[in-house]
Amino acid sequence: MPNPDTPDSGTPSTPDSAGHTRPTGRRDADGMAVAAFVLGLVGLLVMNIVLGPIAVVLASLALWRGTARRGRALLGLALGVADLVVLGVLVAMNGTVVWGFGG
C-alpha cells in the first residue's frame, strides 16, 4: 500500500507545517473552487459581464483538477451561469449592459 505522505512521481508537492508533503494541484484547485463561488456570488450584484465568465472558468478548472471542495465549485459554476443569465435578461429588457435601480 502506498504511503499517503509521499507524492506520486511527477506530481508537484510542497511540504506543509508538519513536514508532510501535499500535492499542490489539489490545493490550487480548492482555492479556485472558493474563488469561483465568491466571484459568482459577487457577480450577481456587480460586473456580471466580467465576473460570471471568470467564475465559470475557475469552477470548471477546479472540477477538472479534482478539488476536494466539489460542492463549492459546483455552486460557483451555477452562480457564474446565473450571472450570465441575469446579464442576458437585462440586455433583453434595456438593450444595454448598464443597469441601475430607480427611474
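Reader: What does the secondary structure of the chain come to?
Author: This is a predicted model, in which local features need pLDDT of at least 70, side-chain atom pairs count only at pLDDT 80 or more, and totals for chains, interfaces and linings use all residues. Residues are numbered from 1 along each chain as its sequence is written, and side-chain values use heavy atoms, without hydrogens and water. Helices (H or I, at least four residues) and strands (E, at least two) are DSSP runs, numbered from the N terminus. From that end the elements run β-β-α-α-α. The chain comes to three helices and two strands.

Reader: Is Asp-30 buried or exposed?
Author: Asp-30 sits in helix H1, residues 24-43. Buried means under 20% relative accessible area, exposed over 50%, partly exposed in between (1.4 Å probe, protein chains only). At a relative accessible area of 9%, Asp-30 is buried.

Reader: Which backbone nitrogen does the side chain of Asp-30 reach?
Author: The distance is 2.9 Å.

Reader: Which side chain of opposite charge is nearest to Asp-83?
Author: Asp-83 lies in helix H3, residues 70-94. Lys and Arg count as positive, Asp and Glu as negative; His and the chain ends are not counted. Asp-83 is buried yet has no salt bridge (a side-chain nitrogen of Lys or Arg within 4 Å of a carboxyl oxygen of Asp or Glu). The nearest side chain of opposite charge is 15 Å away: Arg-72.

Reader: Which residues does Asp-83 touch?
Author: Contact means heavy atoms within 4.5 Å. Residues up to four places away in sequence are not counted. Asp-83 touches Leu-39, Gly-40, Gly-43, Leu-44, Asn-48, Leu-51 and Gly-52.

Definitions and conventions:
A polar contact is a pair of N or O atoms within 3.5 Å; within protein, one must be able to donate a hydrogen and the other to accept it, and residues adjacent in sequence count only if both atoms are side-chain atoms.
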